[in-house]
Amino acid sequence: MKSPQPCYGQRNARLGTRSTPERFHYSPGPPYSDASTVRKRNPVAGAAKSVVGLFMTCFNPTETINSTNFGESEEFKPPSVASDATGSNRDRRRSSGRGVYGSPQNSTHEREPGSVKFTMEEIYKATRNFSPSLKIGQGGFGTVYKGRLENGTLVAIKRAKKSLYDKHLGAEFQSEVRTLAQVEHLSLVKFYGFLQQDEERIIVVEYVRNGTLREHLDCVHGKVLDLALRLDIAIDVAHAVTYLHTYTDHPIIHRDIKSSNILLTENFRAKVADFGFARMGADSDSGATHVSTQVKGTAGYLDPEYLKTYQLTEKSDVFSFGVLLVELVTGRRPIEPKRELKERITARWAMKKFAEDDSISILDPRLERTAANNLLLEKILELALQCLAPHRQSRPGMKKCAEILWCIRKDCKELSDSDFHSLSSNSRSYSVSEE
């Protein structure tokens, strides 16, 4: 049987096998603060221990972290048509976006970025004057309503809180509009337009009817997501974030990748939403390696290096994605304040169990303990460990994460076809057409 080693590191690496050049290297050198504890025969466990140490000091059980001084006014000017006066790198990104990461469909409106503006009359009509019966969500930005446009399209309409119109919320509004206007991908929510009039600030995006990933992990909808389906969801998210980092005109860092910002369709396709914290990444053409900016994000998902240095890169999204992978296999929230102390930070607890060769004990108790599930669990945790590396240079890029997840899915099916077939009975391929 063909070895899956070229795609990702095998758990056999714990027995002393050297990692391949394609793998994340678990070096006992400077990247890890507790390198002295790394056992030569178990480099993965050693790396897991260092990641466990990382979580000891980097997270507090608070919810969303907002900047006290946004300081990014140039980034959040009102949306305008993207300039073509950039260098070859931008041209390459634009052409590359028509490949696997480019949307094969035309958008609902023929538009230039940010040019679709709704009237207040259209918004009132779509929401029946913001009827309480159509309210589907509430957040820091404001209230979300389900609406229907004149052509029958179901949409989600985000209405900002009027009483909290400060410069931070205004910047978040501009950020979301600007970002959504520039992107289009099957695994990103579609942008239909916006309204900015007097005190009203409204964003209109597609309505995704099956709720959030977090709701499904909490079984709010009454059905347990099997592990194969959770892997498919992770692949969708990885492709979406890869598109943002690599295939847009300029790299976009989401900054708030988390389960409550991932919406699921009726066919369990994942769509990444909420671009209020999105930020343009560094201009690699100029030699820049990072963007210095105030910290934004959600506790439990935040890159500790970004927290300490205020240096933001695409690898901050990779760290958040690693937390999300742990969330997917455990079913737990990143911070569980009601649990005993050693289990409150889920990723720290999971990596400790992984280092102790006790991964099966962290699997979501609602999932079956099968050979196929155990295989998937081990390989997903190994990728999560790479994403959670203390230093950004040691983390894989999102494109590599997507490739590894595809290899996990492919090779697990080959290695355990019968078990995986039953496990995936309710799953779907990423290539399924948009419903």
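**Conventions.** I number residues from 1 along each chain as its sequence is written, and my side-chain values use heavy atoms, with hydrogens and water left out. Since the model is predicted, I require pLDDT of at least 70 for local features and 80 or more for side-chain atom pairs, while totals for chains, interfaces and linings use all residues.

**Overall.** I looked up the secondary structure and found 12 helices and 13 strands in the protein chain, taken as DSSP runs (H or I, at least four residues, for helices; E, at least two, for strands). Of its 435 residues, 58% count as buried, where buried means under 20% relative accessible area, exposed over 50% and partly exposed in between, with a 1.4 Å probe and protein chains only.

**Cores.** I then turned to the largest nonpolar core, which has 78 residues, and noted that L213, V237, F321, L325 and L405 touch the most other members; such a core is a set of buried Ala, Val, Leu, Ile, Met, Phe, Trp, Tyr and Cys residues joined through side-chain atoms within 4.5 Å. Helix α6 (residues 227-246) gives the most to this core, namely 12 residues. A second, separate core of 14 residues includes V116, M120, I123 and V155.

**Cysteines.** I counted zero disulfides, with a disulfide taken as a pair of cysteine sulfur atoms within 2.5 Å. C219, at 22% relative accessibility, counts as partly exposed.
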